[in-house]
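Dear colleague,

I am passing on the structure we spoke about. The file is below, and my notes follow it.

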Amino acid sequence: MPAAALPGPKLSPLDQLIYRPGRNPLAFFTNLARTYGDVAAYRMGGEQLVFVNAPQYVRDVLVTNNRVFIKGRGLQRSKRLLGEGLLTSEDPTHLRQRRLMQPAFHRDRIAAYGGTMVAYAARLRDQWRDGDTLDVAQDMMRLTLAIAGKTLFDLDVESQAGDVRDALNAVMESFWLTMLPFADVLERLPVPPLRRAKAARARLDAIIYGMIAERRADPNRDHRDLLSMLLVAQDEEDHGTMTDQQVRDEAMTILLAGHETTANALTWTWYLVSTAPKVEARLHEEVDRVLHGRLPTVADIGALSYVERVVTEAMRLYPPAWIIGRRALQDYPIGDYVAPARSILVMSPYVLQRDARYFADPERFDPGRWTADFRAALPPFAYFPFGGGPRRCIGDSFAWMELVLVVATIAQHWRLTLVPGHPVEPQPLVTLRTKHGMRMTVQQRDMMH
Ligand code: HEM
């Protein structure tokens with residue numbers, strides 16, 4: 001039986017030719033799903049896109065049939081920054097690099113970074129003054145960058161490595177544009193920040209290669225950071241190690257993939273908690289009861305189960321990686337349809353995680369829904385903030401640990417309230433940012449115990 005014609009909207013010829021996600025891409029994709037169901041196709045920017053919207057289909061693409069997809073040509077430009085790092089490489093390079101790096105991201109190895117996460121969160125919370133109004137989005141970005149700098153390079157980017165921070169910020173400005181699933185379309189557009197980013201990239205490269213050379217010259221000094229692990233990582237099959245360039249590519253990838261995503265998750269968490277007084281009270285109650293006023297450690301994470309539910313629920317409503325794309329290498333059957341070879345399959349944690357079929361009252365921020373029973377009954381890939389399959393986020397344990405420890409450390413001392421009237425609007429670039437930052441007032445909590 002021939003495959004049914006793919007359902008989907010007819011866009012204007014202009015929209016089909018150039019890439020215009022509309023003023024509100026989140027609404028665009030949400031409407032596609034609500035109008036057409038589990039599969040919706042459209043042409044945009046000269047590409048055939050197929051939006052896939054059922055947990056089983058997402059799992060098929062990311063896991064079961066991952067071999068018939070690549071991340072795609074759209075990554076060419078990001079490769080100029082990230083080279084053949086994990087995020088941007090394809091097999092067989094990806095497979096080998098992933099094998100080499102996996103041990104460095106194992107839960108037990110990552111646990112060693114818990115102290116840094118807490119220490120840096122404590123440093124931030126001690127800088128705040130009662131009644132201050134600040135942009136929490138900016139502070140979370142600074143915090144997660146500092147944590148990434150320390151755990152990756154053993155550098156304190158706040159006090160001793162401002163040049164790293166500045167160069168990275170310039171690079172970041174344009175980088176995320178290039179990571180969108182349809183970036184090869186964007187690539188044809190003139191984007192001014194790209195020029196600035198080029199100079200910054202050269203600076204960043206010099207810094208990273210400098211650190212690699214230093215480490216290679218003094219191999220006995222153990223910095224206990226990820227860079228040391230990358231330098232000694234050895235492939236179990238071919239016993240090879242990484243070249244300087246590979247180490248550089250992976251370091252840059254981790255730095256970029258690791259900090260903005262986590263910062264966004266934290267920012268949305270503070271916002272959502274501020275809208276739900278009962279959640280806030282319960283969060284504070286748990287932190288006080290478990291910690292008795294001392295700083296958290298990795299050993300407390302198991303007991304901070306409500307904190308964990310709060311961040312789980314925040315990433316349901318505002319998944320930092322809100323969209324994931326794959327290019328089909330061949331015709332690909334989905335249910336009654338066939339996605340043609342070369343089409344781009346688009347999957348959105350943002351849309352699926354707000355689907356009433358899987359989440360009752362889906363727009364409601366309700367950490368309490370994440371009971372053990374609920375989790376067990378949820379179909380795999382109805383919730384997938386870290387993707388899945390061989391390209392699943394390698395930093396997921398790192399991120400969970402960072403999210404729980406940072407939220408606990410800050411919530412212990414502070415209550416954050418949105419400045420009345422401050423516009424809260426998601427900005428879906430590659431990560432789900434806040435369009436206008438997040439202006440909040442911090443209030444010292446009455447000390448508990
Ligand atoms: C809340 C925080 C984070 C979220 C939501 C997130 C999300 C994701 C997602 C969805 C992917 C898969 C993309 C795809 O399939 O196309 C991914 C890949 C990746 N992430 Fe994360 N991430 C987070 C934090 C981190 C951290 C902390 C690190 C490193 C320390 C990291 C490093 C990476 C790397 C290297 C990849 C590429 C993996 C591969 O292709 O083998 N991420 N991330």
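**Salt bridges and the iron site**

D139 and R142 form a salt bridge, with 3.3 Å between the closest N and O atoms. Please keep in mind that this is a predicted model. Both residues belong to helix 8 (residues 136-153), where they sit 3 residues apart, about one turn of the helix. D139 is buried at 9% relative accessible area, whereas R142 is partly exposed at 31%.

By the rule used, the count is 27 salt bridges. Another of these joins R415 and E280 (3.2 Å, N to O). Because R415 is in strand 9 (residues 414-418) and E280 in helix 14 (residues 277-291), this pair ties together parts that are 135 residues apart in sequence. R415 is partly exposed, with a relative accessible area of 32%, while E280 is buried at 13%.

E425 also forms a salt bridge, with K435, the closest N and O atoms being 3.8 Å apart. E425 is in the loop between strand 9 and strand 10 (426-428), and K435 in the loop between strand 11 (432-434) and strand 12 (439-444). Both are partly exposed, E425 at 35% relative accessibility and K435 at 44%. D38, D355 and R357 are linked in a salt-bridge network.

On the ligand, the iron atom has C393 (SG) as its only protein donor, at 2.3 Å. C393 is in the loop between helix 17 (372-377) and helix 18 (396-413).

Lastly, helix 3 (residues 55-64) has P55, V58, D60, V61 and L62 as its buried residues. These pack against several elements, including strand 2 (47-52), strand 5 (324-328) and helix 16 (349-352).

Regards

Conventions. Residues are numbered from 1 along each chain as its sequence is written. This is a predicted model: local features need pLDDT of at least 70, side-chain atom pairs count only at pLDDT 80 or more; totals for chains, interfaces and linings use all residues. Side-chain values use heavy atoms; hydrogens and water are left out. Donors are N, O and S atoms within 2.8 Å of the metal (3.2 Å for Na, K and Ca); water is not among the atoms, so sites may look incomplete. Helices (H or I, at least four residues) and strands (E, at least two) are DSSP runs, numbered from the N terminus. Buried means under 20% relative accessible area, exposed over 50%, partly exposed in between (1.4 Å probe, protein chains only). Contact means heavy atoms within 4.5 Å. A salt bridge is a side-chain nitrogen of Lys or Arg within 4 Å of a carboxyl oxygen of Asp or Glu.
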